[in-house]
Amino acid sequence: MSNSLLTRRGLLKTSAVAGAGLALPTIFTSGAAAFTNEPMGGTVTLGFNVPQSGAYADEGADELRAYELAVEHLNGEGDGGMLNTFSSKVLEGNGILGKKVQYVTGDTQTKSDAARASAKSMIEKDGAVMITGGSSSGVAIAVQGLCQEAGVIFMAGLTHSNDTTGKDKKANGFRHFFNAYMSAAALAPVLKNLYGTDRTAYHLTADYSWGWTQEESIAAATEAMGWKTAEKVRTPLGAGDFSSYIAPVLNSGADVLVLNHYGGDMVNSLTNAVQFGLRDKQVNGKNFEIVVPLYSRLMARGAGKNVAGIHGSTNWHWSLQDDASKAFVKSFGTKYGFPPSQAAHTVYCQTLLYADAVARGGSFNPCAVAEALEGFEFDGLGNGKTLYRAEDHQCFKDVLVVRGKENPESEFDLLEVVEVTPAAQVTYDADHPMFAGGALGDCNPGA
Amino acid sequence: MDGILLQILNGLDKGSAYALIALGLTLIFGTLGVVNFAHGAIFMIGAFCAVTLSRLLSLSFETVDPTKTDFLGNPATIKTPYVEAWFGPEFGGALIDWAVPLAILFSIPVMIVVGYVMERGLIKHFYKRPHADQILVTFGLAIVLQEVIKYFYGANPISTPAPEVFIGSFDFGMMLGFDPNVIIYPYWRLVYFLFAAVIIGAVFSFLRFTTFGMVVRAGMADRETVGLLGIDIDRRFTIMFGLAAAVAGMAGVMYAPILSPNYHMGMDFLVLSFVVVVVGGMGSLPGAVAAGFLLGILESFASMNEVKSILPGIDQIVIYLVAIIILLTRPRGLMGKRGVMEE
Amino acid sequence: MLGLNKKDATFLLIVVLLTLFTPIIMQPFAANSGLDQFNGGYPDLMQKVAIFGIFAVGFNILFGLTGYLSFGHAAFLGVGSYAAVWMFKLLTMNVIPAILLAMVVSGLLAVVIGFISLRRSGIYFSILTLAFAQMCYKLAYSVLTPITNGETGLQLALSDPRILDGTNESASLPVTNIFGLAMNSSYKVEALNRVFTFNVGFYFCGIVAILAFYIAIRLFRSPFGMMLRAVKTNQQRMNYMGLNTRPYTLAAFVISGMYAGLAGGLLAAMDPLAGADRMLWTASGEVVIMTILGGAGTLMGPVLGAGVIKYLENIFSKINESVLHSWFHWLPDGLEHAVVWVFARFTGEGWHLTLGLTFMLVVTFLPGGLVEGTRRIKSLMARLRRPKAGRTEPKADDQPSPFKKPL
């Protein structure tokens with residue numbers, strides 16, 4: 001049982017203010033720890049906080065599978081997966097710093113409150129020294145803030161909003177997943193090649209912060225190559241039936257529809273758009289096109305055949321043929337019988353990266369881990385050469401532009417990789433206006 | 001003008017979905033006086049009838065094809081649906097393609113059984129209990145049903161397309177003399193609208209023109225007197241419950257191509273359908289239908305860019321705003337009866 | 001004592017004692033005993049139980065006494081949270097002004113919503129309150145993002161002014177406190193192979209909860225409370241007697257809205273974040289269910305209900321398959337897998353199933369909620385002790401059943 005809490009700072013402050021008036025209990029154990037939840041025994045506990053109920057439960061389940069796999073590999077069980085291909089070789093399959101890895105799980109319910117409650121119980125009750133997971137930006141940002149205050153490391157799961165490593169970035173938080181800006185930067189050249197420079201786009205955007213950052217990013221990138229933007233329409237989250245938003249599109253003069261939706265909204269708006277026959281239409285003498293900037297293979301299944309021929313971007317796809325991806329797909333597929341999703345891949349990487357940073361830094365102290373991760377360059381995790389940038393704790397790596405397959409061969413075979421956009425092309429300055437307004441602050445070890 | 005016409009069309013379609021759900025809910029909630037929080041779950045089960053049938057029809061046997069490999073590099077297995085093997089690829093393929101319309105036939109008996117079991121097994125014991133207890137027990141039931149579906153089908157939406165022939169849209173505007181592409185309307189939505197009209201008509205004529213319907217209407221008005229006449233009103237109410245479940249279930253089946261079914265879709269529709277029923281007025285079937293169409297059309301209007309630029313965010317709240325205005329100007333909703341659930 | 005009769009005073013005393021010793025009571029299992037998974041004695045859960053207890057007690061003032069079933073109470077909770085976080089951002093990290101503002105703002109909102117909604121009764125009232133709350137939620141999520149920070153939720157930032165606190169030189173966020181005593185500080189005591197956490201935040205919530213509870217008792221017993229009960233029994237009769245009941249029901253609505261605001265403010269004080277999710281209809285439904293599950297119209301019921309639901313949510317959702325395997329590893333392999341499979345349906349990702357089944361079982365077999373259950377156990381014990389004393393069913397005078405009149 002761990003015996004320190006996120007409360008040491010408060011405690012010191014308390015004693016200073018309240019002074020001698022308070023009688024402190026004599027059996028007082030939080031003196032020894034140097035940081036929150038310092039692992040004392042032969043084990044170390046990680047907290048896997050994923051959605052297990054609600055709309056993203058399947059992605060959460062896939063994340064959990066990848067976490068279990070990562071823990072197995074770290075503890076030297078199984079075939080080692082991407083540990084064998086990872087460029088850093090300090091992990092030896094004997095846990096982390098010789099401590100066996102244990103884990104606790106919790107349900108974020110894709111709600112900030114529930115996610116924070118779950119993360120808190122992992123920190124306060126189970127002594128987790130690192131929290132990871134999540135399947136939406138709102139939750140990621142909320143939990144990242146909590147981890148910063150509590151003094152543990154947060155390794156973000158699936159979060160695509162610019163804000164996670166932009167205006168809401170935190171010193172204790174790290175993101176491996178790509179973001180809306182990168183999606184836009186990767187997609188724009190491909191769209192230019194496919195559809196030309198004389199196009200007018202119509203945006204349907206989920207009316208919340210992730211949707212807005214994606215709309216902003218895509219509109220900026222496409223306008224830079226000469227496209228016009230006809231209209232940006234905000235749709236309520238979970239609208240269900242998008243017909244009244246899609247029906248006016250054809251009459252607006254636009255010839256490309258950009259769906260800034262994710263999850264269930266993406267499935268429904270795309271299904272509706274195809275049902276309206278938009279893709280068979282001609283506008284301005286050109287074929288009408290639909291773009292879905294952020295693809296998730298798990299979710300795309302819900303749209304069935306409707307995804308065929310529609311372009312978008314993704315963080316990773318199981319059909320990649322590099323050694324690392326193959327090793328991961330083999331190890332995951334053998335254990336569970338189907339290929340991993342991009343959510344599974346990113347959280348597996350995050351777990352390995354954390355473990356590796358601890359091993360290289362020689363300590364579980366969040367500040368040592370953060371220092372080891374900052375500016376860390378690595379390879380062999382399926383995305384090619386990757387940099388964990390020190391300024392904003394964002395990973396910079398290649399981005400995949402994918403297209404819905406016309407003739408899928410299996411139920412997993414929905415997307416095909418069209419282009420791998422090199423990291424250099426999606427890299428932006430740390431003070432880019434879309435990411436401005438926040439500060440990392442100092443790393444907080446909690447004690 | 002064209003924009004308004006377009007949104008009326010969309011609104012009719014949305015409205016027919018709301019009206020169908022509200023119709024079933026009113027049969028139970030507005031007439032039997034049971035606050036059924038599991039009604040959304042019934043709608044959801046209906047949608048999953050469509051999923052189940054399309055899965056049943058595509059049940060396949062596997063043959064190994066050595067020329068292809070699966071994602072692990074092992075020889076791939078090719079799946080051939082039994083129906084294609086039995087009836088030939090053409091007819092078998094068509095069967096699979098038409099899974100959703102066929103699912104209506106499949107769903108009616110399933111939903112009646114679901115409704116019957118629910119009523120006899122659980123709701124029956126709660127007729128005399130306070131509404132608060134009904135809410136708690138049916139909410140619990142809804143969660144349980146949801147979790148069962150989630151266990152079998154997962155949490156992600158499942159693609160349930162309409163038959164191939166209904167994909168795409170026709171240019172309604174051209175027929176009326178507008179420019180091309182101004183008013184387009186998907187075939188499946190037209191089907192859905194007509195289907196809803198037929199169902200609504202059928203339920204109304206059933207209650208109006210059959211003896212059974214007459215007795216049920218009498219029972220709604222005065223249960224005790226009908227009971228005193230020696231009529232087994234309870235049994236008829238059970239049948240009504242089954243009927244309501246069937247209506248909601250069919251609404252779910254037909255909605256599946258528009259909204260890919262997922263396990264929590266019932267909860268998403270639950271609040272909305274209660275609002276529709278109450279705005280229509282407790283105890284009034286025509287009220288529920290009218291309110292469904294009214295709210296559907298207003299919601300479509302609110303999502304027009306012209307409206308949104310004047311009142312940002314109005315499409316998010318229009319239904320609730322209208323509900324408040326109607327309830328304040330008409331104390332018992334559009335066509336509510338005095339004294340039904342007003343205590 | 002304190003204007004309470006002897007019975008109520010003992011009752012309050014029991015509540016005070018229970019609150020004081022919560023950190024010990026909720027930590028019944030020794031560490032590494034295998035069952036320590038079921039321990040709930042960590043600050044966050046204890047705080048949540050106290051806070052949602054306040055929320056449910058306040059809701060019960062409206063529902064239990066007047067019978068008006070509000071389906072939009074979460075709006076007050078959410079608005080209270082936003083008000084409190086804004087106070088932390090602008091003025092000071094001291095929780096007192098934040099909580100006061102939370103109560104004032106939610107009280108004002110309750111006056112507006114109550115004034116309009118109370119023009120209708122029964123289901124029409126429920127739907128009106130629901131509509132208002134849903135509008136608050138939808139707007140907070142989207143258009144009002146400049147005030148609410150939308151999906152992400154309103155959070156503290158280093159650049160916030162915090163006029164009274166002076167400039168913050170460190171690069172980390174300040175913590176909520178009460179005159180310097182940080183809410184998140186706690187004393188840990190290791191004894192009996194258990195770690196007991198005595199958390200400042202929890203005791204603050206506990207004291208507020210006891211105060212709220214005390215006020216609720218006084219309300220229940222006051223002439224005002226009698227009046228509200230009369231409204232519930234027969235509002236028409238009251239009107240015929242020439243009494244205007246509206247001011248009474250409105251007062252009850254506002255008081256109960258302020259309780260919700262207080263709970264929202266406390267939530268923010270424990271964890272300075274306010275999200276729109278707090279106002280979703282499921283959140284409103286949750287407090288309804290807490291109240292009914294525990295026992296509507298009773299004093300202790302809502303608190304019990306809040307405790308059970310929060311406990312299920314936080315503890316059951318964390319029991320994953322590997323935990324189950326560690327429990328049942330002594331079974332033969334095949335059997336172990338079967339047992340784990342069965343349990344896994346009800347814990348971890350299946351915790352909702354347990355929740356739903358609990359609702360159904362409690363309401364079917366314990367009409368009157370959990371309080372009814374404890375009462376039955378009591379009378380059963382009494383009967384066992386005095387087998388010949390006949391029926392010792394408690395009289396229903398002091399805590400009248402809310403189930404005479406629906407909605």
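Me: What makes residues of chain A and chain C count as being in contact, and how many are there on each side?
Reply: Two residues are in contact if their C-beta atoms, placed from the backbone, lie within 7 Å. In this predicted model, 51 residues of chain A are in contact with 44 residues of chain C. Helix 3 of chain A gives the most to the side of chain A that touches chain C, namely seven residues. Helices (H or I, at least four residues) and strands (E, at least two) are DSSP runs, numbered from the N terminus.

Me: How are the residues of the side of chain A that touches chain C divided into nonpolar, polar and charged?
Reply: That side has 20 nonpolar, 17 polar and 14 charged residues. Ala, Val, Leu, Ile, Met, Phe, Trp, Tyr, Cys and Pro count as nonpolar, Asp, Glu, Lys and Arg as charged, and the others, Gly among them, as polar.

Me: Why does the span of helix 3 of chain A agree with its 13 residues?
Reply: The expected span is 1.5 Å times one less than the number of residues. For residues 112-124 this gives 18 Å, and the end C-alpha atoms are 18 Å apart, so the two agree.

Me: Why is helix 3 of chain A called mostly covered?
Reply: A residue is buried if 20 or more other C-beta atoms lie within 10 Å of its own, exposed if 12 or fewer, and partly exposed in between, with C-beta atoms placed from the backbone. In helix 3 of chain A, 13 of its 13 residues are buried.

Me: What share of chain C is buried?
Reply: Buried residues make up 54% of the 407 residues in chain C. Chain C has 17 helices and six strands.

Me: How do you know that the radius of gyration of chain C agrees with that of a compact globule?
Reply: The radius is taken over C-alpha atoms, and the globule rule is 2.2 Å times the number of residues to the power 0.38. For 407 residues the rule gives a value near 22 Å; chain C has 23 Å, and therefore agrees.

Me: Which domains does chain A have, and how many Å separate their centres?
Reply: Chain A is divided into domain 1 (8-178 + 319-392) and domain 2 (181-314), with bounds from an automatic or database domain assignment. Their centres, taken over C-alpha atoms, are separated by 33 Å.

Me: What conventions apply throughout?
Reply: Residues are numbered from 1 along each chain as its sequence is written, and chains are lettered from A and ligands numbered from 1 in the order in which they are written. As the model is predicted, local features need pLDDT of at least 70 and side-chain atom pairs count only at pLDDT 80 or more, whereas totals for chains, interfaces and linings use all residues.
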